[in-house]
Amino acid sequence: MKSAAAVTRVFVCTAQKDDVGKDVAKAFKIELKKQGLKKLLTGGSGSKVRVQTCNCLDLCKHCKKGPGAAVAIYPDNVYYGDVKPKDAADIVREHLGDGHVLKRLLLE
Ligand code: FES
């Protein structure tokens, strides 16, 4: 059965020593609102975007010490690393808006 309103989730790791993950999550929320993408229209059906902070995603080896946070986008199965608050605008516009993976932050 197909669900009527799909949800895209942006999970932001907050396991860093500073509060960068929380700041990244806040920046995502602000950008989604600013760019009018809280609700997406994909293939004619509505979709919502939710930003959620979470414990360590265990996706990176360095972001506990580094300057950014890891971000997972579900169900797209795309993971970004070293994400700083200033990067939220690009990820929202390019990934969530235009549907392109942002290669410069991609974790492989
Ligand atoms: S510190 Fe959690 S994924 Fe890097």
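Where is Asn77 found? Asn77 sits in the loop between S4 and S5, where helices (H or I, at least four residues) and strands (E, at least two) are DSSP runs, numbered from the N terminus. This is a predicted model, in which local features need pLDDT of at least 70, side-chain atom pairs count only at pLDDT 80 or more, and totals for chains, interfaces and linings use all residues. Residues are numbered from 1 along each chain as its sequence is written.

**Confidence**
- The protein chain has an average pLDDT of 87, and 85% of the residues score at least 70; pLDDT is the predictor's confidence in each residue, from 0 to 100.
- Among the elements of the protein chain, H2 has the highest mean pLDDT (96), while strand S2 (residues 39-42) has the lowest (68).
- Where pLDDT is low, the predicted coordinates should not be read in detail.

- Strand S4 (residues 69-74) and strand S5 (residues 78-83) run antiparallel and are joined by four bridges; two strands pair if DSSP finds at least two bridges between them.
- Within this pairing, Val71 has Tyr80 of S5 as its bridge partner.
- Three residues lie between S4 and S5 in the hairpin.
- Pro75 is in the loop between these strands, and a cis peptide bond with omega of about 10 degrees joins Tyr74 to Pro75.
- Asn77 is a residue other than glycine with a positive phi, near 65 degrees.
- For background, most residues other than glycine have a negative phi, and most peptide bonds are trans.

**How H1 and H2 meet**
- The axes of helix H1 (residues 20-34) and helix H2 (residues 88-97) come within 8 Å and cross at roughly 45 degrees; axes are lines fitted to C-alpha atoms, for helices over the stretch in contact, and angles run from 0 to 180 degrees between N-to-C directions.
- H1 and H2 are therefore oblique to each other (under 35 degrees counts as roughly parallel, over 145 as roughly antiparallel, 65 to 115 as roughly perpendicular and the rest as oblique).
- On the H1 side, the contact is made by Val24, Ala27, Phe28, Glu31 and Leu32, and on the H2 side by Ala88, Ala89 and Val92; two residues are in contact if their C-beta atoms, placed from the backbone, lie within 7 Å.
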